[in-house]
Amino acid sequence: MFGDIFNAQFVASSIRVAIPLALAGLGGVFSERSGVINIGLEGMMLTGAFTAVAVTNFAQNPWVGVLSAILVGIFLGLIHAITCITFKANQIVSGVAINLFASGITVFFSWLLFNETQIMVKANLPIWGLPLPSIGEGSAFVRNLIVIFAHYSPLVYLTIIIFILAHLILFKTPFGLRLRSVGEYPQAADTMGVNIVKMRYIAVITSGALAGLAGSFLSLEQAHFFVKEMSGGRGFIALAAMIFGKWTPLGTAGAALLFGVGEALAMRLQGVLAVPVQFINMVPYLLAIFVLVSAVGRAVPPAASGVAYEKEIG
Amino acid sequence: MKSIKKFDYYILLEKITPLIAVICALLVGAIVIIMIGENPVFVYKTLFSYAIGNRDGWGNVLFRATPLIFTGLAVAFAFRCGLFNIGGEGQMYIGAFLAAWVGFTFTTLPAFILIPLCILAAAAGGALWAAVPGILKAKIGVHEVIITIMMNWIAASLSFYLALVYKAPATEAMIAAGVKQMIPHTKEIAQAARLPRLYTILNSINIDFPAHNQVNVSFFIAIGVAILAYYILWKTNLGYEIRAVGYNSLAAEYGGISVAKNIVLTMVISGAFAGLVGTNEVMGYKYRWRQEIFTGLGFNGIAVALLGKNHPLGVVLAAILFGILNYGGAIVNIYTKGRIPRELIMVLQAVIVIFVVISDEVVKRLIRQRRKLV
């Protein structure tokens, strides 16, 4: 039984489940590092998931779908930025509004354009990497290596590149230093001539783009369809991953992988254990609560996260 | 003299920001309707005339406003303590399920015991579910937003499972047709556990009211709870402490108020309000627990609370406005043969929330500038 569950396929599916959580969590990292809480990630993901499927089906090209999901994410990020940074409104309320908006607008357009609330994807992304040797041909070891390392959708490789870049940008460039300083001590950053508003806009829009990309992975790759409310709290689980990963890209990726393993394990156990499916469905959410509770005291958020910046006058 | 007059004008402006937000949102809605190729004047005229043009419409509006009053009060009450209870959805599932469970288990009790018992069960279920994030926040310091959302999904799965355990037996017609029950719902609650519909009362005092209208006594429970929320917040020591924690928790702690105790109590009361949705949906409407009758009510409560400026009276008015939009939106959907999906209303609600917070901030800034000048 053990071998049936923990095999190469299991590792690969854990990675696949982790991708959208990791991308959205990275969006959270950018946004909160600059001092803006973004609980609208959930809605940005959902809208991205819908847009990816809708555009893919109209254009018959999944790449156009992915790109438009990112654009829609940027648009929602811009709305969040305008509300929170320019108008200095409550960041959590703005995020909640974006989630409400996303639930409404996705179903609204799926009725309008497709006349149903579940839309199948008509064109799939290719699989990149080495071809899988069929069973019996070649060694099982080589086959497993290929399954784990080199047989994925292009978006998986893209995610890995994005994470390496994000780590370098945040921690090895002047831009990253400025971004982090804006989230820790904006008054000091302002004195040093950093444009707080500009930095926060860039960060929040980046987080929207990443959440949109996460959504496109969810619908185009993981589910191969769009259905209403399909994000299913993943935007919030991504935030839990971000907290557990101490607001760093690599930590967030690790935490997302943990969630990926948890969810993949739950899916595998479904047929094995005599536990009702409803309880297995709870696993990711229980895991998120557990992770948050255990992160307390260990994970300290950026000091200015959630606080609008008021320039001192006179 | 002149400057004081001007100042009053801004205070007035602050009071009516929700109105500005609603008008702006309706304008955005009009643009969307034009983009679909329909006439916004016709759509809004249909929406409002069917919703508030006659008694049947009003009944439907109040029926839809009832659960929103409960969930709106839940959010508003927690807001007063500086907490974001966005777990109304889950608290409502559990509360409503407990109410249904009492209703179909203790079938032999008379109505005057069973009805209060069901109402208590609804409140207790919601309170229990909200206590978890409350305790985690108070004792360990975990932010309540993510926890309440996670609790929503757990509640959805748990109540779905329980609905399967207490599944209604298949009817003879279903067995004959070989239909398998797709959406699980529980057994029906006892007759003695049901809240009377409003038409039975109105007809008995010779007011003409259609018998198919679902508005029921739960609406008055909602109004009662709104008054209770006002009383707790502004007329009791507990309410004073809760608001003190909401204004400035550090100052409150320094003044001898236990922040942790008030956070837990606020979440429990807030959850109880959300759980009471069960009185409308289970005891007054479907007489059983069924998941899809609740969808989205918890989240719309957030919009209702914001539009109502977190004041019980504002919440009631905002819930009625949303009742008008929801019912009118459904009518418009039928009238335009589905060309205008009813989710347009959800979009409008989100736009209202954004405009409310933006206009609030803008007016606050104007007032502050004004004060500096005076």
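Two exercises on a predicted model follow, each with a worked solution.

This is a predicted model in which local features need pLDDT of at least 70 and side-chain atom pairs count only at pLDDT 80 or more, while totals for chains, interfaces and linings use all residues. Residues are numbered from 1 along each chain as its sequence is written, and chains are lettered from A and ligands numbered from 1 in the order in which they are written.

**Exercise 1. Describe the fold of chain B.**

Step 1. Count the elements, taking helices (H or I, at least four residues) and strands (E, at least two) as DSSP runs numbered from the N terminus. Chain B has 17 helices and zero strands.

**Exercise 2. Describe the side of chain A that touches chain B.**

Step 1. Count the residues in contact (C-beta atoms, placed from the backbone, within 7 Å). In chain A there are 36, and they meet 36 residues of chain B.

Step 2. Find the helices. Helix 5 (91-114), helix 11 (234-244) and helix 13 (277-295) of chain A each supply at least two residues of this side. Helix 5 of chain A gives the most, with 14 residues.

Step 3. Note the predictor's scores for the complex: an ipTM of 0.88 and a pTM of 0.91.

Technical notes
Contact = placed C-beta atoms within 7 Å.
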